[in-house]
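Here's a walk through a protein structure, one feature at a time.

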Amino acid sequence: MRDPKWLKWVRIIGLGLLGLFTVTPIYVMITSSIKPLKDVQGDFHWIPTTITFSAFRDMWSTVPLAHYFVNSAIVSSIASVVSVVVAIFAAYAVSRFRFAGRRAFSITVLSTQMFPGILFLLPLFLIYVNLGTAIGVDLYASRTGLIITYLTFSLPFSIWMLVGYFDSIPVALDEAAKVDGSGPVGALIRVVIPAATPGIIAVLIYAFMSAWGEVLFASVMTDESSRTLAVGLQGYATQNNVYWNQIMAASLVVSIPVVAGFLLLQRYLVQGLTAGAVK
Amino acid sequence: MVVSATSRPGGGRGSGDPGGPPPPAGGGRGRVTPRLWVRLRRLGLPYLLILPALVLELLVHLIPMVIGIGMSFIKLTQLYIRNWSAAPSAGWSNYHLAVDFNAPVGRALLHSFFVTILFTVITVALSWFFGVAGAVLMQGEFRGRGVLRALFLVPYALPVYAGVITWSFLLQRESGLVNHVLVDQLHLFGDKPFWLIGSNSFISIIVVSLWRWWPFAFLVLMAGLQNIPRDLYEASAIDGAGWMRQLRSVTLPMLRPVNQVLVLVLFLWTFNDFNTPYVLFGKTAPQEADLISIHIYQSSFVTWNFGTGSAMSVLLLLFLLLVTAVYLVITSRRRSDA
């Protein structure tokens, strides 16, 4: 494709504006986290006049941030790993077997994507409370309950994407493994999973991110001991004071793991989408 | 492996592990075990594989949804929240209340519904446009391309509360960047406007949602562009097509299947989005930006009227089902015509 000259300018201006729009809040997040409290409460300044790292120190004691951090890490890791394992099995079944109910299953799973979360929030809350008293497993206000909830959130997208990905892997590879004496599950583990690694990593990132960032269920389904970052960060706005510098510092710190992970692995997400979902 | 084997103890043996049933056979498995058993296992295996996903979907989505529909037919107020099976039947009265547009509850719901539609249409259209612009302009090789691509994806990677809370700081009346730029530096307004209450809040929620969602459109469209065969461009270049012509005749038509899914997903996510308005405005959104998910949340949890809240959710679901069905029918027909 020969690029005309004007395209260069359109590119610079277009990408420049998009970049500005994208980066401004991030810039403010970073610079405000190193300002003292009085500088974030008064008039806004682009360049920090006084630089202090006190917000990064104080944020741990204003709210029990470390505790929320651990909760979020446990919930998101377990939920995403289990969700991906479950999605791999389901996607393999949909991709490789023609069984009665296959279409119904795919449609049901995908259609849960369109449910407004608010529709099943309260019923789920009631189920967890009652299940807890019935079988003695505390699901409400526990990390287990949150893990179970979150792992279903990413399931539809994960299954959908992995089906596309598995479909792009030649069935001949499975057959070769079966000739070597593997059953269908052996073929899945020995052939399909290794060939689909980029897709699986992509799905894993997606699942982790969606669990790490969820707010609605976290705000209803947790108590002080199981609270995650999504709700915990609201603790910086008290009746008397809003610690904006600490909010920005905390936002920055809780974002680093997911953003770093995402950026490191984003090429897998693009590869996964290219091979699977958008085909 | 472990998950599927333990989730159904009886059938666990049939999961096809190497070394499963009694004679751990290699190639001659069909000879050693009865044929019927093999066939049963073949038939059962896909069901066993989808079982964990099915159980989880049932537990977290489908059963609660059915219960939610049931709840919309009872008078579930805070009196009955501990013992909700004792709540009296309400018949259709929750629905009557929700769609009685002459009464305050119905009128507020209708208002919220239209606000949400307008918000969703604008946000999805702009997100798609930004996504296409970004993805198309990123085509080809130039310096800093990788860095820029990573940068564009950051808002999508940021946890919603971290990104949106930063926006709420930017939009503060006294100490925010937006008013600093618009009023102090550009002198566009005489007095500092409010952005998080009043009519401007509608603009704010669109800008923040756009900031959050366009990188997703960008990501998907970029992947879609990679799937367009190179020779299409070469062939059209030989025919003398310029850049604009290629964009119109090759790039955009080839992206149509991607767009079909992308626009639907963006629509559903934006329409149902609770996190963005909740973090930006808190538990009660301003009138002008009273998005439906926040509205229902407030009708349920703030006024403790879960029956009406459930009825509203059910109506919302019916609406979304209708939109999705119509959308899929229209777009699929167009696709098969093309």
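This is a predicted model: local features need pLDDT of at least 70, side-chain atom pairs count only at pLDDT 80 or more; totals for chains, interfaces and linings use all residues.

## Two helices crossing in chain B

For α9(B) and helix α12 of chain B (residues 256-272), the angle is about 165° and the axes are 11 Å apart. Angles over 145 degrees count as roughly antiparallel, and α9(B) and α12(B) are therefore roughly antiparallel to each other.

## A pair of helices from two chains

Now try a pair that spans both chains. Helix α5 of chain B (residues 104-137) packs with α1(A) at an angle of about 130°, and their axes lie 10 Å apart. That angle makes α1(A) oblique to α5(B). What is the handedness of the crossing where α1(A) passes α5(B)? It's left-handed.

Stay with α1 of chain A, which covers residues 5-33, and you'll find A:L17 in it. Is A:L17 buried or exposed? A:L17 is exposed, because its relative accessible area is 55% and the cut-off for exposed is over 50%. A:L17 also belongs to a nonpolar surface patch of about 450 Å², together with A:W9, A:I12 and A:I13.

## Chain A as a whole

Zoom out for a moment. Chain A has 14 helices and zero strands, so if you read along the sequence, its pattern is simply α over and over: α-α-α-α-α-α-α-α-α-α-α-α-α-α. The C-alpha trace of chain A spans about 70 × 70 × 35 Å along its principal axes. Out of the 279 residues in chain A, 58% are buried.

## Salt bridges inside chain A

Over all chains, the count of salt bridges comes to eight. One of them joins the side chains of A:D174 and A:R96, with an N to O distance of 2.8 Å. A:D174 sits in helix α9 of chain A (residues 171-179) and A:R96 in helix α4 of chain A (residues 65-96), so this pair ties together parts that are 78 residues apart in sequence. Are the two partners buried or exposed? A:D174 is buried, at a relative accessible area of 1%, and A:R96 also counts as buried, at 18%.

Another salt bridge links A:R227 and A:E224, and here the closest N and O atoms are 3.2 Å apart. A:R227 is partly exposed with a relative accessible area of 21%, and A:E224 is partly exposed too, at 42%.

## A salt bridge between the chains

Which residue of chain A does B:K192 pair with? B:K192 forms a salt bridge with A:D43, and their closest N and O atoms are 3.9 Å apart. The pair crosses between chains: B:K192 is in the loop between α8 and α9 of chain B, while A:D43 is in the loop between α2 (37-41) and α3 (54-62) of chain A.

Most residues other than glycine have a negative phi. B:H187 isn't a glycine, yet its phi is positive, at about 55°. You'll find B:H187 in the loop between α8 (177-185) and α9 (200-226) of chain B. B:H187 is exposed, with a relative accessible area of 60%.

Last stop: B:T308, in helix α15 of chain B (residues 306-337). Which is B:T308, buried or exposed? B:T308 is buried, because its relative accessible area is 4% and buried means under 20%. B:T308 and B:S72 are 236 residues apart in sequence, but their C-alpha atoms are 6.3 Å apart in space.

Terms used. Residues are numbered from 1 along each chain as its sequence is written. Chains are lettered from A and ligands numbered from 1 in the order in which they are written. Side-chain values use heavy atoms; hydrogens and water are left out. Patches are made of residues with over 30% relative accessible area and no salt bridge: like charges are joined within 9 Å, nonpolar side chains (Val, Leu, Ile, Met, Phe, Trp, Tyr) within 5 Å. Accessible areas come from the Shrake-Rupley method with a 1.4 Å probe; for residues, only the protein chains shown count as cover. A salt bridge is a side-chain nitrogen of Lys or Arg within 4 Å of a carboxyl oxygen of Asp or Glu. Helices (H or I, at least four residues) and strands (E, at least two) are DSSP runs, numbered from the N terminus. Buried means under 20% relative accessible area, exposed over 50%, partly exposed in between (1.4 Å probe, protein chains only). Axes are lines fitted to C-alpha atoms, for helices over the stretch in contact, and angles run from 0 to 180 degrees between N-to-C directions. Angles under 35 degrees count as roughly parallel, over 145 as roughly antiparallel, 65 to 115 as roughly perpendicular and the rest as oblique. A crossing is left-handed if the near helix is turned anticlockwise from the far one by less than a right angle, and right-handed if clockwise.
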